[in-house]
Amino acid sequence: MYLEHFKLTALPFSITPDTDFFFQSASHIEALNVLLLALRSGDGFIKLTGEVGTGKTLLCRKLLSSLDDNFVTAYIPNPFINATALRMAVAEELGIEFARNIGQHRVLKLITDKLVEIKRAGKQVVLIVDEAQAMPDESLEALRLLSNLETEKEKLLSIVLFGQPELDVKLNQPKIRQLKQRILFSYQLRPLNAREVAHYVQHRLTIAGVTAPLFSKAALRRLHKASRGIPRLINILGHKSLMAAFGQGMTAIKPRHVQLATRDTEDARQNVPWRRWFMRFGTIAMLTGASVYVVASTL
């Protein structure tokens, strides 16, 4: 695509949660430190929330890679499952073998025995649930019951919930109040401010092989406004901005390229009347298509 044009070695604005691109914003570092401190203290329930696209899954994977050999982790990426499936998923993550027709009481007994075994080995088990707002109420209750597993002096299992703000709404239900009372640490991710957006963009470009700034200061300001500081939107708009500049044969990203990307992205904040930009510069698809046509015609 545009890698050779901008002398990049990798796509700088991929939306996949690659920990190599983890950006140490104030909010993300603070959240990671809270999680690590709480887990090293052996606390039972920890909750982290953030709006869609703020980097929860990436932070989740960064947490997993930051835990040392003193921790045994179980990761549930898709918790939209019933209580029975949840217990079985936890057992599988802990490496427990069992027959599929086994009773739930037996599954819980196997999990308890495994947790005791790991604790005796001097290790701590951490269960991490991503997209926790999608969990059915019965599964949240099953999770609370798992958190009851403990010795006389310490918990056998620490649980970290990653979720959208809807998770807080769910936890405010009277029937979920017992679980909510068990949450000892919670943190809410914040979007990036204008200064952090500029550093974020350059951070990703540098990892992708380009140290010289590609985005003008004005383009970065427009990128911040259009994305509202949400990392996933920054990535989407950054990628489309590069496409727009590539389509025009330019190596510097200007505000007009970000505006083209903004108009082509539904959730981005529109700042400029779109018809004026369309008449002057066309759509990204037209620009990219034209460049492909030119290249093809020369072959």
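Colleague: Which residues does Ile111 touch, not counting those up to four places away in sequence?

Modeller: This is a predicted model, mind you. In it, Ile111 touches Arg87, Val90, Ala91, Leu94, Ile96, Leu146 and Leu149.

Colleague: And which residues of the largest nonpolar core touch the most other members?

Modeller: Ile111 is in that group, along with Leu94, Leu127, Leu143 and Leu161. The core has 37 residues.

Colleague: Which element gives the largest share of this core?

Modeller: H4 does, with 6 residues. Strands E2, E3 and E4 and helices H5, H6 and H7 are also among the elements that each supply at least two.

Colleague: What lies apart from it?

Modeller: Another core, of 27 residues, including Val197, Ala208, Phe215 and Ala219.

Colleague: Switching to E4: how many of its residues are buried?

Modeller: 7 of 7. Leu157, Ile159, Leu161 and Gly163 point one way, while Ser158, Val160 and Phe162 point the other way.

Colleague: Why would side chains alternate like that in a regular strand?

Modeller: Because in a regular strand they alternate between the two faces of the sheet.

Colleague: Which way do E1 and E4 run, parallel or antiparallel?

Modeller: Parallel, joined by 5 bridges, and Phe45 has Ile159 as its bridge partner in E4. E3 and E4 also pair in the parallel sense, over 5 bridges, with Val125 partnered to Leu157.

Colleague: How many of the lining residues are charged?

Modeller: 5, next to 10 nonpolar and 10 polar ones.

Key:
Residues are numbered from 1 along each chain as its sequence is written. This is a predicted model: local features need pLDDT of at least 70, side-chain atom pairs count only at pLDDT 80 or more; totals for chains, interfaces and linings use all residues. Side-chain values use heavy atoms; hydrogens and water are left out. A nonpolar core is a set of buried Ala, Val, Leu, Ile, Met, Phe, Trp, Tyr and Cys residues joined through side-chain atoms within 4.5 Å. Buried means under 20% relative accessible area, exposed over 50%, partly exposed in between (1.4 Å probe, protein chains only). Helices (H or I, at least four residues) and strands (E, at least two) are DSSP runs, numbered from the N terminus. Contact means heavy atoms within 4.5 Å. Ala, Val, Leu, Ile, Met, Phe, Trp, Tyr, Cys and Pro count as nonpolar, Asp, Glu, Lys and Arg as charged, and the others, Gly among them, as polar. Two strands pair if DSSP finds at least two bridges between them.
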